[in-house]
Amino acid sequence: MARILVVDDEPIVLDGCEATLTKTGYDVDTALSAEEALMRIKTGRYNVIVTDLKLPGLSGMQLLKTVKDKDPETDTIMITGYATVQTAVEAMRLGAFDYISKPFTPDELRSIVGRAIERRRLLGEERLKATKNRVAFEYNMPADLYYLPEHSWVRRMTENTVDIGIDDVFQKTIGIVTDIELPSAGTIIEQGNAYAELYGIAGRLYKLWAPVSGQVVAVNEKLKKDSSLLNNEPYGEGWIARVESTELDKDIANLLSGDAMIQWWLRREIVERKTDRYVQVSALDPDFKHEIAKEPGGENIKVCFGCGICTATCPIREIDTRYNPRKIIRMAILGMRERVLKSDFIWLCSTCYACTERCPQDVKFTNIINAIKNIAVKEGYIHHAFTAQVDLLAKHGRLYEIDEFDNRRREKIGLPELWTGKGSAEKIFKTSGLVDILKREAE
Amino acid sequence: MKYALFLGCTAPTKARNYEISTRKVAETLGIELIDLTGFECCGFPLKSVHYESFLLMAARNLYAAEDVGLNICVLCSACTGTLTEVNRELASNDKIRQRVLSKLGKQDGEYGFAQNIKVKHLIRILHEDLGLQKISSKIRRKLSNLTVAAHYGCHYLKPSDIYDNYDDPENPHSLDELIEVTGARSINYEERERCCGAGVLAIDEDIALSMAQKKLENVKASGADAIILMCPFCGAMYDENQKRVETKFQTNFDLPVLYYPQLLGLALGIDQKQLGFNLNKVKAYSLLEKIG
């Protein structure tokens, strides 16, 4: 069951949202502030967070940034009392899934949350297919268009006239479109405000936000007879309206296209989908290899010439291809700092030293991976197994507690008694600074 | 011959058969093992997390031994590697030594800290310090009916640059020779150098059990009566987890897992009841019957 967190400083809004979403079948929590929301997020994971933009204390935008940082796979929907394009695009650029304007109906809320959950399901399917080397969904994003990402597109027809429609991602998340409420010619639309409505299966309602401001000069009447054009040809025969705009350049400046759109997608692919397919040059940290070289054990990272003997010899790699010593060094030398430090694979080394013994360059990979793990811990990324081990050492001075009962068992078989109690590990961890590092991570 | 006995975390709790047989064998061979209350965890788990804590934990133990003027006999290979590495680091790097001493509240020069301590695995002590000839002279019962598989593990000889060229990490022979001195045959088998997987057991159990399965399969295929170990981490995989490996991979090994002192103890004429065989998870009845 999907878990939803609703954040708003008005209890009546929270009650209404909770009632609507609970009836829909979701597990719903509420919070009156961003601070309260962050406390809740610490204790449990949510699939979707619906938050007001304006909150006392930390704003909804700040909450969005924190959530995206901690868990990119949680989708955030912004509630706004007014729709401005700056709000919409900034929120979406920061990774918000979508936004909804007050006042909104229960149907609108259900539809937008449902679309977020559906999109996550599709992403999950894609990942699964990718791991099985099958062709996954492809999203079409023609290069000559401007986008409100994962929502609408704009095609410039003349200097002041554009065609608008829904993009491929949006139509895939809503599924089959059964009906559409088109604006009539002559309607004035405003960028960021609703201008049309789509109906999906089971009568789900989806509001379309206008990507530009202006006057509707024509609508695509074919859609009333054949709404499947929206699914099958979203950029061609599925266009929705033609708009004459007097401030087109200003509107388009708030949308994404070309390189900016690619960057936006690469960020999604790499951070949210965790795919290895792209190297985003702008995200590389050229100092990372130097940082590793300064750590005890990391000194020889720069002498690696990538022969791959370490990988060929690695018994872990033989069983699980996530762990690839040559690839890890390559990523580190390239500067993929965040990906390496946040990864689960750096913890898979069994410290057998086979790679170290066979390396022709004396890189000492076992020590390199330890250096990387040490940096990861300082950044707050530590495998829970090691947190547990540090905790045991601090309490007992050993990985396993020895108490009076154990000593009685030892005595029975003729073994001498061993000391019990705390030992000096806890004091050592305070002196060495480990306690402070782990405290920061816990916070 | 007198040593401070470093038990580590795992031997006294998960491999008491290793500890019992070691003490008995040492007594028979005239090796005195002294228990120090100053010994705690060697620091091995901390190397992945915080190098400074790793240094301090290991250094504390080395200091405890030097305090009483004893070299250290270690049962666990991971502890051997840790204490050996830190010992060398402290002896060769003044800056690190001063920093470690200061954090432990000690003065340099007072005790010649860690310059004089030798850290050796039990197997190396038997092979190098005591010697095969001395051991051979004490053998009471040749175990000629037995064929066993030596498992060296990873940290007894690696990384080789801390072990001053003792034995050959790619083609070792010290444990084989110690096995053969008992009269048993040490058989060659596929992928002898394979790691047991204990290092990732807490991280990814499936990977660890898969690694153990490969070794057990190879040893079983060789026809060996038992696998001979020298590290309680390896014991955790091959003995304690053998049943789980069998269940996961739908196979049956029923392969006795002995620590070397248990094998040597039998050859020295020590009763198997005094060698902790009752604590072996995979029972060695068939092996014990074979030697009579």
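1. A polar contact is here a pair of N or O atoms within 3.5 Å, where within protein one atom must be able to donate a hydrogen and the other to accept it. By that rule, 20 residue pairs are in polar contact across the interface of chain A and chain B, counting pairs with both residues at pLDDT 80 or more. Please keep in mind that this is a predicted model.

2. The contact between the chains takes 53 residues from chain A and 52 residues from chain B, and the area buried between them is about 4500 Å², with carbon and sulfur atoms giving 65% of it. On the side of chain A, Ile319(A), Glu357(A) and Tyr400(A) supply 13% of the area that this chain buries against chain B, more than any other three residues.

3. Six salt bridges are counted between chain A and chain B. One of the salt bridges in the model joins Glu318(A) to Lys214(B), with the closest N and O atoms 3.9 Å apart, a value that falls just inside the 4 Å cut-off. Another pairs Arg322(A) with Asp204(B) at 3.1 Å, and this pair runs from the loop between α13 and α14 of chain A to the loop between β6 and α9 of chain B. Arg322(A) is partly exposed at 34% relative accessibility, whereas Asp204(B) is buried at 17%.

4. Arg119(A) and Asp75(A) meet at 3.4 Å, N to O; because Arg119(A) lies in helix α5 and Asp75(A) in strand β4, the pair ties together parts that are 44 residues apart in sequence. Arg119(A) is buried, with a relative accessible area of 3%, and Asp75(A) is also buried, at 1%. Asp98(A) and Arg115(A) meet at 2.3 Å, and this pair links strand β5 to helix α5; Asp98(A) is buried at 2% relative accessibility, and Arg115(A) is buried at 2%.

5. Which residues touch the most other members of the largest nonpolar core? Of its 158 residues, they are Ile372(A), Phe429(A), Leu126(B), Tyr238(B) and Tyr260(B). Helix α3 of chain B gives the most to this core, with 10 residues, while domain 3 and domain 4 of chain A each contribute at least three. Ile372(A) touches several residues beyond its sequence neighbours, including Ile292(A), Ile328(A) and Leu341(A). Apart from this core lies another, of 38 residues, among them Leu64(A) and Ile252(A).

Notes. Residues numbered from 1 in each chain as written. Chains lettered and ligands numbered in written order. Predicted model: local features only at pLDDT ≥ 70, side-chain atom pairs only at ≥ 80, totals over all residues. Heavy atoms only, no water. Core = buried A, V, L, I, M, F, W, Y, C linked by side-chain atoms within 4.5 Å. Buried < 20%, exposed > 50% of the residue type's maximum accessible area, 1.4 Å probe, protein only. Helix = DSSP H or I, 4+ residues; strand = E, 2+ residues; numbered from the N terminus. Domains from an automatic or database assignment. Contact = heavy atoms within 4.5 Å. Buried area = accessible area lost by both parts, 1.4 Å probe. Salt bridge = Lys/Arg side-chain N within 4 Å of Asp/Glu carboxyl O. Polar contact = N/O pair within 3.5 Å; in protein donor to acceptor, adjacent residues only side chain to side chain. Lists of a residue's contacts leave out its neighbours within four places in sequence.
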